[in-house]
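Here's a quick briefing to read alongside the structure. Have the viewer open and follow along topic by topic.

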Amino acid sequence: MTTSVATEETPATGPDAGDPEPGAGLGTALTTAYSDALAEVYDEIYPATPDLEDIADFLLTLTASGASVLELGVGTGRVALPLADKGFRVHGVDSSAGMLARLAGKDPEGRITPVHADFATLDLGRTFDVVLAPFNSLCCAVAPDEQIALMHAVARHTAPDGHVVIETFDPSDYHVQKKNEISTYPIDGRGAMIESIGVLPASQNMMIHNTLFLDGAAPRSATTVMRYLWPSELDLLAGIARLELSARYSGWREQPFDGGDSRKMCVSVYRPLR
Ligand SMILES: C[S@@+](CC[C@H](N)C(=O)[O-])C[C@H]1O[C@@H](n2cnc3c(N)ncnc32)[C@H](O)[C@@H]1O
């Protein structure tokens with residue numbers, strides 16, 4: 001996978017950005033193709049919600065406005081743009097040129113620095129005050145060795161007095177799911193998307209298959225794989241990368257984490273070990 005940080009000479013999206021290289025691994029290649037396919041409807045499926053604003057307020061409890069943030073899996077900028085509104089200086093990494101193109105369309109002033117790269121092998125040669133992986137981005141690494149590599153990438157980009165902030169979902173329900181879960185997402189005036197999620201509990205993999213029915217055209221499908229993480233497993237991965245847990249909540253408003261309720265989000269904060 002090539003790494004390209006947008007500058008005037010080298011745009012991070014478009015023809016110069018480059019596609020994922022075969023060596024990036026099947027998981028990354030699948031996810032990239034999936035994200036490229038879904039980029040045009042992503043903001044309709046996952047609309048901006050008030051809790052996205054909470055992320056900036058949460059980061060302000062850890063650091064000051066103006067701090068540097070590296071967002072892993074920036075997507076269309078749903079999280080990054082509200083962070084920029086609050087004065088954070090955000091670099092956003094994504095392996096999907098389609099997602100970064102959407103971000104560019106929403107960010108004509110170029111407030112977010114896009115980086116077209118695989119986050120598991122990322123090495124920007126600098127650190128950030130906050131490394132942020134919201135909305136399950138870490139679960140996009142499909143195998144334990146990829147998740148370890150990704151956590152090392154997180155650690156090498158975190159300033160010695162910086163923070164790592166990771167949001168993951170509680171996998172309790174998925175772990176015992178017997179049949180595929182099917183959901184339908186209407187897409188305003190255009191059609192719908194059907195999503196099917198099957199689970200392999202032994203490997204903690206979720207097989208996610210989406211079909212888009214848009215504008216009366218032939219259906220288009222994309223498949224990806226994720227690997228869910230238990231909070232204790234996240235702590236173990238973090239420990240391997242010399243990061244230690246400093247706080248854990250069940251939401252961006254610092255709701256107490258009780259560890260049991262399914263589908264709740266888990267917000268974990270880590271600090272580099274000295
Ligand atoms: C669940 S989406 C979250 C997007 C955004 N953070 C949000 O909340 O809207 C995960 C994003 O991670 C990106 N991604 C997945 N695997 C990646 C990888 N190996 N390297 C870089 N980006 C990746 C996907 O393309 C996608 O945009």
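**Around the ligand**

In this predicted model, an oxygen atom of the ligand sits 2.6 Å from a polar side-chain atom of Asp94. The protein covers 94% of the 590 Å² of accessible area that the ligand has on its own. Below are the other ligand contacts, then the shell, a hairpin and a word on confidence.

**The shell**
- There are 21 residues around the ligand, and the ones that come nearest are Ser35, Glu71, Gly73, Arg78 and Asp94.
- Sorted by class, the shell has 9 nonpolar, 8 polar and 4 charged residues.
- Which helix gives the most to the shell around the ligand? That's α1, spanning residues 26-38, with 3 residues.

**A hairpin to look at**
- Strands β7 (residues 181-187) and β8 (residues 191-200) pair up antiparallel, over 7 bridges.
- Across that pairing, Pro186 stands opposite Ala192 in β8.
- The hairpin of β7 and β8 has 3 residues between the strands, and Gly189 takes a positive phi near 70° there.

**How confident is the prediction?**
- The average pLDDT for the protein is 90, and 89% of the residues score at least 70.
- Residues 6-23 are another story, with pLDDT below 50. In the model, this stretch still has 25 contacts beyond near neighbours in sequence.

Definitions and conventions
Residues are numbered from 1 along each chain as its sequence is written. This is a predicted model: local features need pLDDT of at least 70, side-chain atom pairs count only at pLDDT 80 or more; totals for chains, interfaces and linings use all residues. Side-chain values use heavy atoms; hydrogens and water are left out. pLDDT is the predictor's confidence in each residue, from 0 to 100. Contact means heavy atoms within 4.5 Å. A residue is near a molecule or strand if one of its heavy atoms lies within 4 Å of it. A polar contact is a pair of N or O atoms within 3.5 Å; within protein, one must be able to donate a hydrogen and the other to accept it, and residues adjacent in sequence count only if both atoms are side-chain atoms. Accessible areas come from the Shrake-Rupley method with a 1.4 Å probe; for residues, only the protein chains shown count as cover. Helices (H or I, at least four residues) and strands (E, at least two) are DSSP runs, numbered from the N terminus. Ala, Val, Leu, Ile, Met, Phe, Trp, Tyr, Cys and Pro count as nonpolar, Asp, Glu, Lys and Arg as charged, and the others, Gly among them, as polar. Two strands pair if DSSP finds at least two bridges between them.
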